[in-house]
Amino acid sequence: MIRTEISPGLWLDARLALWFEAHRLLVVADLHWGYAVSHQAHGNLLPSWGDEEVAARLRGLIADYAPDEIIWLGDCLHTIAGREPAETFLRTSGAPVTIVSGNHDRHWRTSFGEANPRGEAHPASVTRGGFVFHHGHLELPIPPGGVEVIGHHHPALAWSDRAGGRIKLPALIASPRRLILPAFSPWAAGAAWNPLLEEGETLFAIAPKRIFAVSRDLLLKSRNSA
(Lines give C-alpha, C1' and ligand atoms only; values in the text may rest on other atoms or scores of the structure.)
Protein backbone atom coordinates (compact mmCIF):
# COMPACT_ATOMS: atom_id res chain seq x y z
CA MET A 1 0.00 0.00 0.00
CA ILE A 2 1.47 3.33 -1.09
CA ARG A 3 -0.08 6.34 0.63
CA THR A 4 0.79 9.59 2.36
CA GLU A 5 -0.87 11.50 5.21
CA ILE A 6 -1.67 14.92 3.76
CA SER A 7 -3.13 16.17 7.07
CA PRO A 8 -3.74 14.43 10.39
CA GLY A 9 -5.94 11.39 9.77
CA LEU A 10 -6.41 12.16 6.07
CA TRP A 11 -4.58 9.77 3.75
CA LEU A 12 -4.05 9.95 0.01
CA ASP A 13 -3.74 6.47 -1.47
CA ALA A 14 -1.80 6.02 -4.71
CA ARG A 15 -4.79 4.12 -6.09
CA LEU A 16 -6.43 7.58 -6.43
CA ALA A 17 -8.55 7.49 -3.30
CA LEU A 18 -8.83 9.51 -0.08
CA TRP A 19 -9.16 7.80 3.31
CA PHE A 20 -10.75 9.77 6.16
CA GLU A 21 -9.49 7.76 9.10
CA ALA A 22 -11.72 9.21 11.83
CA HIS A 23 -14.86 8.59 9.78
CA ARG A 24 -13.64 5.29 8.28
CA LEU A 25 -14.64 6.86 4.99
CA LEU A 26 -13.18 6.11 1.55
CA VAL A 27 -13.76 8.64 -1.25
CA VAL A 28 -13.17 8.36 -4.99
CA ALA A 29 -14.27 10.68 -7.80
CA ASP A 30 -14.97 10.50 -11.53
CA LEU A 31 -15.12 6.74 -11.99
CA HIS A 32 -16.79 7.07 -15.41
CA TRP A 33 -18.08 3.49 -15.38
CA GLY A 34 -18.97 2.36 -18.90
CA TYR A 35 -16.67 4.79 -20.69
CA ALA A 36 -15.88 2.35 -23.51
CA VAL A 37 -19.45 1.05 -23.77
CA SER A 38 -20.77 4.61 -23.95
CA HIS A 39 -18.46 5.43 -26.86
CA GLN A 40 -19.21 2.14 -28.62
CA ALA A 41 -22.94 2.93 -28.40
CA HIS A 42 -22.22 6.04 -30.51
CA GLY A 43 -20.13 4.14 -33.07
CA ASN A 44 -16.69 5.00 -31.68
CA LEU A 45 -14.32 2.04 -31.85
CA LEU A 46 -12.83 1.92 -28.36
CA PRO A 47 -11.54 -1.32 -26.83
CA SER A 48 -13.76 -2.89 -24.15
CA TRP A 49 -11.44 -1.92 -21.34
CA GLY A 50 -11.56 0.04 -18.10
CA ASP A 51 -14.49 -1.22 -16.03
CA GLU A 52 -12.69 -4.29 -14.72
CA GLU A 53 -9.75 -2.09 -13.78
CA VAL A 54 -12.06 0.25 -11.85
CA ALA A 55 -13.72 -2.70 -10.08
CA ALA A 56 -10.41 -4.37 -9.21
CA ARG A 57 -8.95 -1.18 -7.73
CA LEU A 58 -12.10 -0.60 -5.69
CA ARG A 59 -12.05 -4.16 -4.39
CA GLY A 60 -8.42 -3.74 -3.37
CA LEU A 61 -9.18 -0.53 -1.49
CA ILE A 62 -12.15 -2.15 0.26
CA ALA A 63 -10.02 -5.13 1.29
CA ASP A 64 -7.28 -2.88 2.70
CA TYR A 65 -9.43 -0.29 4.51
CA ALA A 66 -12.73 -2.08 5.32
CA PRO A 67 -14.55 1.29 5.18
CA ASP A 68 -17.80 2.00 6.97
CA GLU A 69 -18.78 4.09 3.95
CA ILE A 70 -17.55 4.77 0.42
CA ILE A 71 -18.51 7.96 -1.40
CA TRP A 72 -18.53 8.00 -5.19
CA LEU A 73 -18.06 11.70 -5.75
CA GLY A 74 -19.91 12.24 -9.02
CA ASP A 75 -19.48 11.32 -12.66
CA CYS A 76 -19.87 7.75 -11.52
CA LEU A 77 -21.12 6.84 -15.01
CA HIS A 78 -19.80 8.19 -18.28
CA THR A 79 -23.29 8.02 -19.77
CA ILE A 80 -26.44 6.11 -18.87
CA ALA A 81 -25.41 3.51 -21.48
CA GLY A 82 -22.64 2.47 -19.10
CA ARG A 83 -24.78 1.83 -16.03
CA GLU A 84 -24.55 -1.99 -16.06
CA PRO A 85 -20.96 -2.40 -14.77
CA ALA A 86 -21.58 0.17 -12.01
CA GLU A 87 -24.79 -1.50 -10.87
CA THR A 88 -23.20 -4.94 -11.07
CA PHE A 89 -20.47 -3.74 -8.72
CA LEU A 90 -23.01 -2.22 -6.33
CA ARG A 91 -25.04 -5.45 -6.25
CA THR A 92 -22.10 -7.78 -5.72
CA SER A 93 -19.39 -5.95 -3.76
CA GLY A 94 -21.21 -5.74 -0.44
CA ALA A 95 -19.59 -2.34 0.10
CA PRO A 96 -21.61 0.53 1.68
CA VAL A 97 -21.60 3.05 -1.18
CA THR A 98 -23.11 6.55 -1.11
CA ILE A 99 -23.51 8.02 -4.59
CA VAL A 100 -23.19 11.77 -5.16
CA SER A 101 -24.50 12.97 -8.50
CA GLY A 102 -22.26 14.62 -11.08
CA ASN A 103 -23.05 16.21 -14.43
CA HIS A 104 -22.67 12.82 -16.15
CA ASP A 105 -25.12 11.16 -13.74
CA ARG A 106 -28.20 13.32 -14.20
CA HIS A 107 -30.24 10.53 -15.88
CA TRP A 108 -29.19 7.76 -13.48
CA ARG A 109 -31.73 6.35 -11.05
CA THR A 110 -30.94 3.23 -9.07
CA SER A 111 -32.05 1.55 -5.88
CA PHE A 112 -28.45 0.86 -4.93
CA GLY A 113 -26.49 2.96 -2.44
CA GLU A 114 -27.00 4.16 1.09
CA ALA A 115 -28.52 7.45 -0.02
CA ASN A 116 -31.03 5.98 -2.48
CA PRO A 117 -33.00 3.07 -0.99
CA ARG A 118 -36.07 3.88 -3.13
CA GLY A 119 -34.46 4.69 -6.44
CA GLU A 120 -34.55 8.46 -5.94
CA ALA A 121 -32.27 10.93 -7.65
CA HIS A 122 -28.81 10.82 -6.18
CA PRO A 123 -28.03 13.79 -3.91
CA ALA A 124 -25.95 16.69 -5.16
CA SER A 125 -23.97 16.76 -1.91
CA VAL A 126 -23.48 15.04 1.41
CA THR A 127 -21.83 16.28 4.62
CA ARG A 128 -19.68 14.25 6.97
CA GLY A 129 -18.31 16.12 9.96
CA GLY A 130 -16.92 19.41 8.66
CA PHE A 131 -16.48 18.08 5.11
CA VAL A 132 -18.95 18.90 2.32
CA PHE A 133 -18.75 16.39 -0.53
CA HIS A 134 -20.08 17.35 -3.96
CA HIS A 135 -18.99 16.77 -7.53
CA GLY A 136 -17.75 20.29 -8.23
CA HIS A 137 -19.52 21.16 -11.49
CA LEU A 138 -21.80 23.55 -9.57
CA GLU A 139 -20.96 26.05 -6.84
CA LEU A 140 -22.47 25.15 -3.49
CA PRO A 141 -22.45 27.20 -0.26
CA ILE A 142 -19.89 25.89 2.22
CA PRO A 143 -20.47 26.68 5.90
CA PRO A 144 -17.81 28.71 7.75
CA GLY A 145 -14.92 26.47 8.68
CA GLY A 146 -16.12 23.72 6.34
CA VAL A 147 -13.89 21.96 3.84
CA GLU A 148 -15.14 21.41 0.32
CA VAL A 149 -14.29 18.01 -1.23
CA ILE A 150 -14.85 17.80 -5.00
CA GLY A 151 -13.88 15.98 -8.18
CA HIS A 152 -14.88 17.03 -11.72
CA HIS A 153 -11.65 18.77 -12.74
CA HIS A 154 -9.37 15.70 -13.14
CA PRO A 155 -6.27 17.58 -11.87
CA ALA A 156 -2.82 16.45 -12.97
CA LEU A 157 0.79 17.54 -12.78
CA ALA A 158 2.37 18.17 -16.17
CA TRP A 159 6.15 18.31 -16.22
CA SER A 160 8.82 18.68 -18.89
CA ASP A 161 12.61 18.58 -18.72
CA ARG A 162 12.72 20.95 -21.73
CA ALA A 163 14.78 18.32 -23.57
CA GLY A 164 11.91 16.30 -24.96
CA GLY A 165 10.94 14.40 -21.81
CA ARG A 166 7.35 14.91 -20.64
CA ILE A 167 5.23 13.37 -17.94
CA LYS A 168 1.68 13.81 -16.69
CA LEU A 169 0.61 12.42 -13.32
CA PRO A 170 -2.81 12.45 -11.62
CA ALA A 171 -2.88 14.83 -8.68
CA LEU A 172 -4.80 15.83 -5.60
CA ILE A 173 -5.10 19.55 -4.80
CA ALA A 174 -5.20 20.36 -1.08
CA SER A 175 -5.70 23.48 1.00
CA PRO A 176 -7.38 24.25 4.35
CA ARG A 177 -10.62 25.10 2.50
CA ARG A 178 -10.86 22.54 -0.30
CA LEU A 179 -9.69 19.21 -1.68
CA ILE A 180 -9.89 18.34 -5.38
CA LEU A 181 -9.60 14.62 -6.09
CA PRO A 182 -7.97 13.05 -9.13
CA ALA A 183 -10.16 11.10 -11.53
CA PHE A 184 -10.45 7.42 -10.64
CA SER A 185 -11.15 6.38 -14.24
CA PRO A 186 -8.19 4.82 -16.08
CA TRP A 187 -9.40 6.63 -19.21
CA ALA A 188 -8.91 10.10 -17.67
CA ALA A 189 -5.81 11.81 -19.04
CA GLY A 190 -6.03 14.62 -16.49
CA ALA A 191 -5.98 18.39 -16.87
CA ALA A 192 -2.64 20.12 -16.21
CA TRP A 193 -3.13 22.02 -12.95
CA ASN A 194 0.27 23.72 -12.83
CA PRO A 195 -0.97 27.23 -13.73
CA LEU A 196 -4.19 26.86 -11.73
CA LEU A 197 -2.73 26.14 -8.30
CA GLU A 198 -3.80 28.92 -5.94
CA GLU A 199 -1.98 30.57 -3.06
CA GLY A 200 -1.92 28.25 -0.04
CA GLU A 201 -2.65 25.11 -2.08
CA THR A 202 -0.40 22.08 -2.49
CA LEU A 203 -0.44 19.69 -5.43
CA PHE A 204 0.17 16.05 -4.52
CA ALA A 205 1.40 14.25 -7.64
CA ILE A 206 0.62 10.54 -7.67
CA ALA A 207 3.09 8.18 -9.33
CA PRO A 208 2.63 4.38 -9.23
CA LYS A 209 5.25 3.97 -6.48
CA ARG A 210 5.48 7.42 -4.91
CA ILE A 211 3.37 10.41 -3.89
CA PHE A 212 5.12 13.76 -3.66
CA ALA A 213 4.03 17.27 -2.75
CA VAL A 214 4.63 20.19 -5.11
CA SER A 215 4.11 23.74 -3.86
CA ARG A 216 2.85 26.68 -5.88
CA ASP A 217 6.19 28.44 -5.34
CA LEU A 218 8.05 25.52 -6.93
CA LEU A 219 5.70 25.49 -9.91
CA LEU A 220 6.13 29.23 -10.39
CA LYS A 221 9.90 28.92 -10.10
CA SER A 222 10.05 26.15 -12.68
CA ARG A 223 7.84 28.16 -15.06
CA ASN A 224 9.93 31.30 -14.68
CA SER A 225 13.15 29.40 -15.36
CA ALA A 226 11.78 27.81 -18.54
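Me: Which side chain meets Arg177 in a salt bridge?
Reply: This is a predicted model, where local features need pLDDT of at least 70, side-chain atom pairs count only at pLDDT 80 or more, and totals for chains, interfaces and linings use all residues. Residues are numbered from 1 along each chain as its sequence is written, and side-chain values use heavy atoms, with hydrogens and water left out. A salt bridge is a side-chain nitrogen of Lys or Arg within 4 Å of a carboxyl oxygen of Asp or Glu. At 2.7 Å, N to O, the partner of Arg177 is Glu198.

Me: How many residues apart in sequence are the parts that Arg177 and Glu198 tie together?
Reply: Arg177 lies in the loop between β11 (166-174) and β12 (178-180). Glu198 lies in the loop between β13 (191-192) and β14 (202-207). Strands (E, at least two residues) and helices (H or I, at least four) are DSSP runs, numbered from the N terminus. The pair therefore ties together parts separated in sequence by 21 residues.

Me: Are Arg178 and Glu201 buried or exposed?
Reply: Their side chains meet in a salt bridge of 2.6 Å, N to O. Buried means under 20% relative accessible area, exposed over 50%, partly exposed in between (1.4 Å probe, protein chains only). Arg178 and Glu201 are both buried.

Me: Which residues are linked with Arg177 in a network of salt bridges?
Reply: Arg177 itself is partly exposed, at 43% relative accessibility. Glu198 is partly exposed too, at 35%. Linked with Arg177 in the network are Arg178, Glu198 and Glu201.

Me: Where does the salt-bridge partner of Asp64 lie?
Reply: Asp64 pairs with Arg15 at 2.8 Å, N to O. Asp64 is in helix α2, 49 residues from its partner. Arg15 sits in the loop between β2 (10-13) and β3 (17-20).

Me: What is the relative accessible area of Ser125?
Reply: Ser125 is found in strand β7 (residues 125-128). Leaving aside neighbours within four places in sequence, Ser125 is in contact (heavy atoms within 4.5 Å) with Val100, Phe133, His134 and Leu140. Ser125 counts as partly exposed, with a relative accessible area of 32%.
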